[in-house]
There are 2 protein chains.
Amino acid sequence: MLNVYAAISMKKPSPPFGELDLIEQIRQDFATSSSAVKLGIGDDCAILRPPPGCEVLVTTDLTLEGRHFRCDSHPPESVGHRCLARGLSDLAAMGATPIAAFLSLALPSTMLTKSAGRAWTKGFFHGLRALAELHSVPLAGGDTSESPGGRSALILADIVLIGSAPKGRALRRSGASPGDALYVTGQLGGAAAELATMLSRRRRTLNHQTNEDHPHMFPEPRLDVGEALQRRGLATACLDISDGLSTDLSHLCRASGVSAEIEQEALPIHPFARKLNAAAALQATLHGGEDYELLFAAPSSVKMPSTLAGVPLTRIGTLKTRRTGHALMTLLAPDGSRTELKPGGWEHFSKPASKSKKA
Amino acid sequence: MLNVYAAISMKKPSPPFGELDLIEQIRQDFATSSSAVKLGIGDDCAILRPPPGCEVLVTTDLTLEGRHFRCDSHPPESVGHRCLARGLSDLAAMGATPIAAFLSLALPSTMLTKSAGRAWTKGFFHGLRALAELHSVPLAGGDTSESPGGRSALILADIVLIGSAPKGRALRRSGASPGDALYVTGQLGGAAAELATMLSRRRRTLNHQTNEDHPHMFPEPRLDVGEALQRRGLATACLDISDGLSTDLSHLCRASGVSAEIEQEALPIHPFARKLNAAAALQATLHGGEDYELLFAAPSSVKMPSTLAGVPLTRIGTLKTRRTGHALMTLLAPDGSRTELKPGGWEHFSKPASKSKKA
């Protein structure tokens with residue numbers, strides 16, 4: 001395979017590099033032999049052939065400079081990784097298998113014409129491609145544009161993920177019942193704690209090895225867990241924790257028409273969050289968001305394994321019958337006291353946020 | 001159906017309007033009963049069920065303020081219409097039938113909090129919804145975000161279209177052979193001519209009735225023509241004229257490994273372009289772009305109807321064997337002289353353009 005980003009990063013003067021060159025480079029670099037992609041980059045549409053007996057799942061996620069990442073704090077490999085991870089995590093939440101990704105990307109012109117810009121672009125695609133290869137996801141198309149705004153032009157990306165799941169088997173938010181047990185994968189609060197550390201440093205984090213634990217910079221979408229839950233019929237409802245446990249749990253409760261009780265002592269707090277004081281650790285765990293772990297419900301009669309696809313599962317609470325006038329979500333403290341748990345994740349148009357909600 | 005945009009446009013003080021409210025409004029306003037959409041807005045992914053025996057076609061198109069439209073010249077209804085039309089036209093070019101659209105939309109916060117912004121947002125969705133209803137395309141999901149950049153924040157949209165076509169029947173760019181005749185639908189140059197008029201006025205065009213001929217503001221994606229070409233097996237190659245005849249023809253020639261001869265006198269010039277001087281009219285027709293007509297090839301033995309799905313078809317030239325050292329495209333003038341035709345459409349990262357290329 002040609003390493004097409006070599007051309008982007010070379011320092012000596014190079015011939016004018018236009019959009020068609022970029023597309024051709026992407027096409028070559030993401031060349032795929034996936035049997036489900038009958039036609040990839042280069043025509044008006046891509047042609048996909050989903051497995052027989054399957055439904056098609058679709059999700060789109062924006063990644064915008066100044067809102068979802070900052071060039072002065074995030075290495076470009078992290079931006080590319082997180083861009084794809086957001087979409088893959090949505091597929092994981094439904095128990096789906098990825099078929100292909102599509103990337104709409106607008107870049108300031110300097111990202112192709114200047115040496116530093118080319119290095120950024122190369123790093124972005126490097127991060128995106130590494131995660132795509134890990135999960136065998138071909139990049140089958142998209143759109144490119146110069147981003148508008150002149151000197152204040154920003155990097156703008158929208159990732160589209162197409163996946164498949166056997167007919168009627170995809171995990172939804174709406175299937176849980178009172179009495180179901182609530183579980184999460186992995187540990188919570190790590191992404192918020194790592195982000196806080198990154199921003200307090202006020203310089204770009206140089207370490208961008210994905211083989212270390214970087215819950216904010218290189219979150220791991222839980223595709224294998226989601227597929228196992230779907231295949232084994234273990235979960236009645238599932239979603240990913242992108243906006244924070246409290247906000248995403250409220251989505252599950254509303255969609256399923258139930259209320260929830262969370263046991264504070266049961267929450268699996270990430271070691272990064274444990275380094276904070278107790279209040280900040282709890283805040284990160286309940287409301288931090290962007291952990292991209294899965295939150296799911298299962299009948300209490302199901303004997304849930306302690307790990308699934310190598311990822312720890314933790315029971316954090318129980319779903320209850322929803323009663324008018326009562327709290328949708330309740331937090332049970334170690335001392336037995338009960339407090340109402342309110343959604344604490346960000347909402348985009350009402351607060352100076354750094355995340356986004358799914359439509 | 002609830003008219004949810006009434007809330008957006010009301011002038012008296014209203015309760016804080018957040019992103020979740022916007023999503024709920026979109027969900028209600030674009031409520032659909034499409035049998036192919038098993039699950040729409042409101043979960044991590046949408047679930048689609050394509051028709052049996054079909055492949056799935058996917059295309060994404062950016063629509064960025066300051067690049068694809070200007071708020072001071074384009075009415076919001078036109079922006080919403082064109083946003084969706086770009087994606088539908090890609091499906092038309094492949095002979096596909098739309099299943100669903102997905103919209104990723106980033107808006108400056110003032111588009112929800114200020115009266116003028118709400119009116120713009122309402123107009124945008126009005127234009128998008130009118131075209132969606134015309135072609136029975138449900139809006140099945142997407143993403144929303146506040147757009148970054150503070151006071152210089154821009155309106156950013158990415159539309160995703162999912163369609164279907166019977167296995168192996170989608171029209172590609174690559175199937176044409178030497179000897180095939182070249183056709184276009186409708187008339188060319190109208191979009192460029194209308195845009196030039198709009199920009200010369202230096203104020204926003206108020207007329208936004210889609211039932212009049214506005215090739216730039218309200219282009220008509222040729223879905224019925226594309227489907228008929230596919231169903232009747234008339235075309236060997238097809239694409240839409242989004243970047244200009246010369247540029248899109250060069251894509252067809254390269255993908256099919258042929259060269260092309262265009263007869264200048266045969267070109268169907270739009271009445272708007274005919275009002276320009278002869279040189280400008282030819283420029284708009286050959287290079288103008290954004291007409292969203294279809295360019296297709298068919299064996300010369302095929303007796304092509306003069307209209308298809310009510311749209312005129314015009315033979316504009318012939319494909320030839322490609323020879324090294326010879327022109328890829330040739331223009332035959334009325335006086336019999338031959339000149340090389342070079343791609344004259346915009347390329348995004350090399351010129352101050354107002355269009356974008358597909359990846």
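The following questions and answers concern a predicted model with two chains, A and B.

Q: How many residues of chain A are in contact with chain B, and how many of chain B with chain A?
A: Contact here requires heavy atoms within 4.5 Å. On the side of chain A that touches chain B, the residues comprise 35 nonpolar, 18 polar and 23 charged ones. The contact joins 76 residues of chain A to 76 residues of chain B.

Q: What is the area buried between chain A and chain B?
A: The size of an interface is often given as the accessible area lost when the parts come together. Of the area buried between chain A and chain B, carbon and sulfur atoms give 59%. The buried area itself is about 6200 Å².

Q: Which strand of chain A gives the most to the side that touches chain B?
A: Between chain A and chain B there are 24 residue pairs in polar contact, with both residues at pLDDT 80 or more. On the side of chain A that touches chain B, one strand gives the most, with nine residues. This element is strand β3 (residues 54–64) of chain A.

Q: Which residue of chain B stands opposite L48(A)?
A: Strand β2 (residues 46–48) of chain A and strand β3 (residues 54–64) of chain B run antiparallel and are joined by three bridges. The residue opposite L48(A) lies in β3(B). That residue is V56(B).

Q: How far apart are the closest N and O atoms of E55(B) and R49(A)?
A: A salt bridge requires a side-chain nitrogen of Lys or Arg within 4 Å of a carboxyl oxygen of Asp or Glu. E55(B) and R49(A) form such a pair, which crosses from strand β3 of chain B to the loop between β2 and β3 of chain A. Their closest N and O atoms are separated by 2.3 Å.

Q: What is the count of salt bridges between chain A and chain B?
A: Over all chains, a search of the whole structure finds 20 salt bridges. One of those between the chains pairs D43(A) with R173(B), whose closest N and O atoms are 3.4 Å apart. The count between chain A and chain B is eight.

Q: What kind of axis relates the two copies?
A: Chain A can be laid on chain B by a turn of 180° and a shift of 0.0 Å along the axis, with an RMSD of 0.0 Å. The copies are therefore related as by a two-fold rotation axis.
In chain A, the C-alpha nearest the axis is that of D158(A), at 3.6 Å. The kind of axis is thus a two-fold rotation axis.

Q: How far apart in space are S300(A) and T318(A), C-alpha to C-alpha?
A: S300(A) is placed in the loop between β10 (294–298) and β11 (307–308) of chain A. In sequence, S300(A) and T318(A) are 18 residues apart. In space, the C-alpha to C-alpha distance is 8.6 Å.

Conventions:
Residues are numbered from 1 along each chain as its sequence is written. Chains are lettered from A and ligands numbered from 1 in the order in which they are written. This is a predicted model: local features need pLDDT of at least 70, side-chain atom pairs count only at pLDDT 80 or more; totals for chains, interfaces and linings use all residues. Side-chain values use heavy atoms; hydrogens and water are left out. Buried area is the accessible area (1.4 Å probe) that two parts lose on being put together, summed over both. A polar contact is a pair of N or O atoms within 3.5 Å; within protein, one must be able to donate a hydrogen and the other to accept it, and residues adjacent in sequence count only if both atoms are side-chain atoms. Helices (H or I, at least four residues) and strands (E, at least two) are DSSP runs, numbered from the N terminus. Ala, Val, Leu, Ile, Met, Phe, Trp, Tyr, Cys and Pro count as nonpolar, Asp, Glu, Lys and Arg as charged, and the others, Gly among them, as polar. Two strands pair if DSSP finds at least two bridges between them. Copies are superposed by least squares on the C-alpha atoms of residues with pLDDT of at least 70 in both.
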